[in-house]
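Subject: Handing over a structure

Dear colleague,

I am passing on the structure below, and I would be glad if you could look it over before you read my notes.

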Amino acid sequence: QVIKCKAAVAWAAGEPLKIEEVEVAPPQAMEVRIKIHYTALCHTDLYFWEAKGQTPLFPRILGHEAAGVVESVGEGVTDLKEGDTVLPVFTGECGECRHCKSEESNMCDLLRINTDRGVMISDGKSRFSINGKPIYHFVGTSTFSEYTVTHVGSLAKINPEAPLDKVCILSCGVSTGMGATLNVAKPKKGSSVAIFGLGGVGLAAAEGARIAGASRIIGIDLNSDRFEKAKLFGVTEFINPLDYKKPIQEVIAEKTDGGVDYSIECTGNVKAMIQAFESCHDGWGVAVLVGVPHSDAVFATSPVNFLNERTLKGTFFGNYKPRTDLPGLVELYMDKKLELEKFITHEVSFADINKAFDYMIKGESLRCVINVIGN
Ligand code: NAD
Ligand code: ZN
């Protein structure tokens, strides 16, 4: 049974989304149709909407940070049923491949992030259409819609008591940033950590550094308006590269007796990625890349920076396995050990979804939650 509902469709690069009536086909084998309650905007949605440094694919339903409830399940789906509360995740977990079985990796062979695919894996078709014309999916989630269809492996079943207007931001940004620090950088107590980019993801990385007991957390951003808010996330010092004539690597080296112990890049800008790496101390420094770069970006640094015993890493979704690990992060919030409210700076109705884009472009928001269920 096809569902007719509202979705925010991106018709062309950079054009405001339009709320349209779309048809959502029933879930096929190993798929689930869910009703989205709340969704939030992440910078990755904005990149693929702008399509400046990314492959353009339109018309498309964007959105990947969300929470909802299962409406129906396709053939072969046994671990979810109608009424279950779920968080969709852009990088899934089939549970069976080498990656899902490895303790190190969350890069599932079947369901790992694929930003250029706009169709379902099983039959190469879209489940969305308008008057028979297909509308493309985005990273297997497409949450800017009242109903969406995903692979069962892209859904984490969570505590049904969880407030979905809050835990929706665990579906990408907050988990990604916290995990980049706690699971990938793994800072030692008392260490120094530099965070490049103090948006939702970067401040979640800062929160991870605070939890790990870092003694200095240095925030670097081109937007000084970020600094006041960042204090709430344990950031102890601020650097705006625009205030300096010399390379920011040198500024950081001077402030930290040769460099930071760890640095986490959450900007998506390749220059900042190189700066983050080169700001690490030789002998032990570790840098973690989180930002999504332009598709043609190249990371250039002297190999000597590696010979001098620095390590460069990268991560999707903070190395969390979505189905295995997300329910536990939701419980941390329920037990008041993780604060999500401070990330949520704005909330808008579904009809006002374009405002969420404006807030992010202007650098005003950390996370703007979009109320889909209330319309
Ligand atoms: P955001 O727009 O809220 O924050 C980005 C911040 O970086 C802004 O404050 C901006 O002023 C700052 N910035 C930009 N260029 C900079 C530079 N050259 N130097 C210093 N600061 C700079 O975005 P967000 O939602 O927090 O996302 C951050 C990045 O993380 C994006 O690239 C996004 O695509 C990426 N991301 C990656 C994953 C993953 O799994 N790896 C998941 C989610 C988001
Ligand atoms: Zn995201």
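This is a predicted model: local features need pLDDT of at least 70, side-chain atom pairs count only at pLDDT 80 or more; totals for chains, interfaces and linings use all residues.

Residues are numbered from 1 along each chain as its sequence is written, chains are lettered from A and ligands numbered from 1 in the order in which they are written, and side-chain values use heavy atoms, with hydrogens and water left out.

Strands here are DSSP runs (E, at least two residues) and helices likewise (H or I, at least four), numbered from the N terminus, and two strands pair if DSSP finds at least two bridges between them. On that basis β1 and β2 belong to an open sheet of four strands, in the order β1-β2-β6-β7 and with antiparallel pairing. β1 (3-9) and β7 (133-135) stand at its edges with a single partner strand each, so one side of each is left without a neighbour in the sheet.

A zinc ion (ligand 2) is coordinated by Cys-42 (SG), His-64 (NE2) and Cys-172 (SG), at 2.0 to 2.3 Å; donors are N, O and S atoms within 2.8 Å of the metal (3.2 Å for Na, K and Ca), and since water is not among the atoms, sites may look incomplete. Cys-42, in the loop between β3 (31-40) and α1 (43-50), and Cys-172, in the loop between α3 (164-167) and α4 (173-185), are 130 residues apart. Both Cys-42 and Cys-172 are buried, where buried means under 20% relative accessible area, exposed over 50% and partly exposed in between (1.4 Å probe, protein chains only).

Further along, five bridges join strand β10 (residues 192-196) to β11, which run parallel, with Phe-196 opposite Ile-220 in β11. Strand β11 (residues 216-220) is mostly covered, four of its five residues being buried, and on pairing with strand β12 (residues 237-239) there are three bridges, again in the parallel sense.

Lastly, Ile-370 lies in strand β17 (residues 367-371) and, at 0% relative accessibility, counts as buried.

With best wishes
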